[in-house]
Amino acid sequence: AARGNSSEKKSLPKYLHQQLPYSATRLKQERNQYIMNCHEKDWAASPRHRRINRIAPGHKTKDYGKLTNTLPRKHAALLFQLRTGHIGLNAHLHRIQRSDTATCPRCEERDETVEHILLYCPAYTRARDKIIYKHGTTALSLSSLLNRPKILPTLFRFIHSTGRFTQALGNVSLPDNQRGTG
(Lines give C-alpha, C1' and ligand atoms only; values in the text may rest on other atoms or scores of the structure.)
Protein backbone atom coordinates (compact mmCIF):
# COMPACT_ATOMS: atom_id res chain seq x y z
CA ALA A 1 0.00 0.00 0.00
CA ALA A 2 2.87 2.37 0.81
CA ARG A 3 4.30 1.85 -2.69
CA GLY A 4 0.98 2.73 -4.27
CA ASN A 5 0.07 -0.83 -5.14
CA SER A 6 -3.37 -2.01 -4.15
CA SER A 7 -5.14 -5.31 -4.19
CA GLU A 8 -7.68 -6.17 -6.83
CA LYS A 9 -11.21 -5.29 -5.78
CA LYS A 10 -12.48 -8.86 -6.11
CA SER A 11 -9.85 -10.13 -3.63
CA LEU A 12 -10.95 -7.64 -0.96
CA PRO A 13 -13.83 -8.17 1.48
CA LYS A 14 -17.14 -6.68 0.29
CA TYR A 15 -17.09 -3.77 2.78
CA LEU A 16 -13.82 -2.56 1.21
CA HIS A 17 -15.24 -2.43 -2.32
CA GLN A 18 -16.53 1.08 -1.73
CA GLN A 19 -14.51 4.16 -0.92
CA LEU A 20 -13.38 4.32 2.68
CA PRO A 21 -15.06 6.98 4.81
CA TYR A 22 -13.19 10.21 5.49
CA SER A 23 -11.63 10.76 8.87
CA ALA A 24 -13.73 13.31 10.77
CA THR A 25 -10.63 14.48 12.62
CA ARG A 26 -8.72 15.01 9.38
CA LEU A 27 -11.64 16.93 7.84
CA LYS A 28 -11.78 19.20 10.90
CA GLN A 29 -8.03 19.80 10.70
CA GLU A 30 -8.26 20.74 7.03
CA ARG A 31 -11.23 23.04 7.66
CA ASN A 32 -9.45 24.75 10.58
CA GLN A 33 -6.30 25.20 8.50
CA TYR A 34 -8.36 26.72 5.68
CA ILE A 35 -10.04 29.12 8.12
CA MET A 36 -6.65 30.13 9.60
CA ASN A 37 -5.22 30.74 6.12
CA CYS A 38 -8.22 32.92 5.23
CA HIS A 39 -7.91 34.81 8.52
CA GLU A 40 -4.18 35.45 8.01
CA LYS A 41 -4.81 36.66 4.46
CA ASP A 42 -7.63 38.98 5.58
CA TRP A 43 -5.57 40.27 8.51
CA ALA A 44 -2.56 41.00 6.28
CA ALA A 45 -4.84 43.08 4.01
CA SER A 46 -6.39 44.94 6.95
CA PRO A 47 -5.43 48.60 7.45
CA ARG A 48 -4.89 47.82 11.16
CA HIS A 49 -2.28 45.16 10.41
CA ARG A 50 0.48 47.67 9.70
CA ARG A 51 -0.13 49.60 12.94
CA ILE A 52 -0.31 46.52 15.16
CA ASN A 53 2.67 44.94 13.39
CA ARG A 54 4.73 48.05 14.15
CA ILE A 55 3.93 47.67 17.85
CA ALA A 56 3.89 43.88 18.02
CA PRO A 57 5.82 42.34 15.10
CA GLY A 58 4.45 38.93 14.21
CA HIS A 59 1.48 39.53 16.50
CA LYS A 60 -0.64 36.50 17.26
CA THR A 61 -3.83 36.56 19.30
CA LYS A 62 -2.47 33.88 21.62
CA ASP A 63 0.59 36.06 22.38
CA TYR A 64 -1.64 38.88 23.59
CA GLY A 65 -3.55 36.37 25.74
CA LYS A 66 -0.30 35.22 27.34
CA LEU A 67 0.74 38.84 27.91
CA THR A 68 -2.49 39.76 29.66
CA ASN A 69 -3.63 36.54 31.33
CA THR A 70 -2.54 37.63 34.83
CA LEU A 71 -3.33 41.32 34.48
CA PRO A 72 -6.41 42.77 36.13
CA ARG A 73 -9.14 43.50 33.59
CA LYS A 74 -8.62 47.27 33.85
CA HIS A 75 -4.95 46.90 32.92
CA ALA A 76 -5.58 44.45 30.09
CA ALA A 77 -8.16 46.86 28.64
CA LEU A 78 -5.76 49.80 28.98
CA LEU A 79 -2.99 47.83 27.28
CA PHE A 80 -5.34 46.93 24.42
CA GLN A 81 -6.33 50.58 24.01
CA LEU A 82 -2.69 51.68 24.03
CA ARG A 83 -1.82 49.10 21.39
CA THR A 84 -4.71 50.03 19.09
CA GLY A 85 -4.59 53.80 19.68
CA HIS A 86 -8.32 53.78 20.51
CA ILE A 87 -7.87 55.56 23.81
CA GLY A 88 -8.95 58.80 25.45
CA LEU A 89 -6.10 60.88 24.07
CA ASN A 90 -6.80 64.00 22.04
CA ALA A 91 -5.60 62.59 18.71
CA HIS A 92 -8.15 59.76 18.90
CA LEU A 93 -10.86 61.93 20.46
CA HIS A 94 -10.39 64.53 17.72
CA ARG A 95 -10.59 61.84 15.05
CA ILE A 96 -13.97 60.68 16.41
CA GLN A 97 -15.12 64.30 16.87
CA ARG A 98 -15.06 64.27 20.69
CA SER A 99 -12.32 66.87 21.04
CA ASP A 100 -11.80 70.21 19.34
CA THR A 101 -8.09 69.61 18.98
CA ALA A 102 -5.67 66.72 18.59
CA THR A 103 -2.87 68.65 20.31
CA CYS A 104 -1.31 67.47 23.56
CA PRO A 105 -2.65 69.65 26.40
CA ARG A 106 0.58 69.28 28.42
CA CYS A 107 3.17 70.43 25.90
CA GLU A 108 1.00 71.84 23.10
CA GLU A 109 3.71 70.83 20.62
CA ARG A 110 2.40 67.72 18.89
CA ASP A 111 -0.73 65.60 18.57
CA GLU A 112 -1.49 63.68 21.74
CA THR A 113 -0.99 60.10 20.58
CA VAL A 114 0.11 56.99 22.46
CA GLU A 115 3.56 57.32 20.93
CA HIS A 116 3.81 61.00 21.93
CA ILE A 117 2.76 60.37 25.54
CA LEU A 118 4.96 57.32 26.05
CA LEU A 119 8.07 58.40 24.16
CA TYR A 120 8.29 62.11 23.43
CA CYS A 121 6.15 64.50 25.48
CA PRO A 122 8.55 66.78 27.37
CA ALA A 123 6.02 67.12 30.20
CA TYR A 124 6.64 63.48 31.14
CA THR A 125 10.43 63.36 30.84
CA ARG A 126 11.03 62.81 34.57
CA ALA A 127 8.52 59.97 34.71
CA ARG A 128 10.01 58.47 31.54
CA ASP A 129 13.48 58.58 33.14
CA LYS A 130 12.26 56.01 35.69
CA ILE A 131 11.59 53.58 32.83
CA ILE A 132 15.09 54.16 31.46
CA TYR A 133 16.64 53.75 34.91
CA LYS A 134 14.84 50.45 35.54
CA HIS A 135 14.93 48.87 32.04
CA GLY A 136 17.51 50.78 29.99
CA THR A 137 17.04 52.75 26.79
CA THR A 138 15.96 49.67 24.86
CA ALA A 139 12.66 49.93 26.77
CA LEU A 140 11.94 53.20 24.99
CA SER A 141 10.21 51.80 21.96
CA LEU A 142 6.50 51.18 21.59
CA SER A 143 7.19 47.55 20.83
CA SER A 144 9.13 47.05 24.08
CA LEU A 145 6.78 49.07 26.27
CA LEU A 146 3.64 47.36 25.03
CA ASN A 147 4.92 43.77 24.68
CA ARG A 148 7.43 42.95 27.40
CA PRO A 149 5.85 41.50 30.54
CA LYS A 150 8.70 42.70 32.77
CA ILE A 151 8.18 46.30 31.66
CA LEU A 152 4.39 46.36 32.15
CA PRO A 153 4.41 47.26 35.88
CA THR A 154 6.78 50.17 35.17
CA LEU A 155 4.65 51.21 32.17
CA PHE A 156 1.47 51.27 34.26
CA ARG A 157 3.21 53.28 37.01
CA PHE A 158 4.38 55.73 34.33
CA ILE A 159 0.84 56.07 32.96
CA HIS A 160 -0.50 56.57 36.47
CA SER A 161 2.14 59.24 37.17
CA THR A 162 1.02 61.21 34.10
CA GLY A 163 -2.46 61.47 35.63
CA ARG A 164 -3.84 61.30 32.10
CA PHE A 165 -6.32 58.46 32.75
CA THR A 166 -6.87 58.83 36.48
CA GLN A 167 -10.35 60.29 36.14
CA ALA A 168 -11.53 57.42 33.92
CA LEU A 169 -9.54 54.53 35.39
CA GLY A 170 -8.35 55.53 38.85
CA ASN A 171 -5.01 54.11 39.99
CA VAL A 172 -3.43 52.08 37.18
CA SER A 173 -0.17 51.32 38.98
CA LEU A 174 0.69 47.65 38.97
CA PRO A 175 2.96 46.07 41.58
CA ASP A 176 6.29 44.68 40.32
CA ASN A 177 5.26 41.17 41.35
CA GLN A 178 2.25 41.26 39.04
CA ARG A 179 3.50 40.46 35.55
CA GLY A 180 1.87 40.03 32.17
CA THR A 181 2.57 36.30 31.98
CA GLY A 182 1.58 33.49 34.27
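How many aromatic pairs does a search of the whole structure find? The search finds two, and this tour of a predicted model will visit both of them, after a look at the whole chain.

**The whole protein**

Begin with everything shown as a cartoon, where you can follow ten helices and zero strands. Turn the view along the principal axes, and the C-alpha trace spans about 85 × 40 × 25 Å. The radius of gyration is 25 Å, well over the 16 Å that the globule rule gives for 182 residues, so the protein is more spread out than a compact globule.

**Helix α4**

Next select residues 73–84, which make up helix α4, a stretch of twelve residues reaching 17 Å from its first C-alpha to its last, close to the 16 Å expected. Colour His75, Ala76, Leu78, Leu79, Leu82, Arg83 and Thr84, which are the buried residues of this helix. Some of the spacing you see can be read with a general rule: an α-helix has 3.6 residues a turn, so residues three or four places apart point the same way.

The search of the whole structure gave two aromatic pairs. For one of them, show the side chains of tyrosine 64 and phenylalanine 80, which form an edge-to-face pair with 6.1 Å from centre to centre and 65° between the planes. This pair links distant parts of the chain, since tyrosine 64 sits in helix α3 (residues 61–68) and phenylalanine 80 in helix α4, 16 residues apart. Tyrosine 64 counts as buried because its relative accessibility is 17%, whereas phenylalanine 80, at 45%, counts as partly exposed.

**The second aromatic pair**

Now move to tyrosine 124 and phenylalanine 158, whose ring centres are 6.3 Å apart and whose planes meet at 80°, so this pair is edge-to-face. Tyrosine 124 lies in the loop between α6 (114–120) and α7 (125–135), and phenylalanine 158 lies in helix α9, 34 residues apart. Both tyrosine 124 and phenylalanine 158 are buried.

**Threonine 162**

Finish at threonine 162, found in helix α9 (residues 152–162). What does threonine 162 touch, not counting residues up to four places away in sequence? Threonine 162 touches Arg106 and Tyr124. A polar atom of the threonine 162 side chain also lies 2.6 Å from the backbone oxygen of isoleucine 159, and threonine 162 counts as buried because its relative accessibility is 9%.

Key:
Residues numbered from 1 in each chain as written. Predicted model: local features only at pLDDT ≥ 70, side-chain atom pairs only at ≥ 80, totals over all residues. Heavy atoms only, no water. Helix = DSSP H or I, 4+ residues; strand = E, 2+ residues; numbered from the N terminus. Expected span 1.5 Å × (residues − 1). Buried < 20%, exposed > 50% of the residue type's maximum accessible area, 1.4 Å probe, protein only. Polar contact = N/O pair within 3.5 Å; in protein donor to acceptor, adjacent residues only side chain to side chain. Contact = heavy atoms within 4.5 Å. Phe/Tyr/Trp six-rings, centres within 6.5 Å; stacked < 30°, edge-to-face > 60°. Rg over C-alpha atoms; globule rule 2.2 N^0.38 Å.
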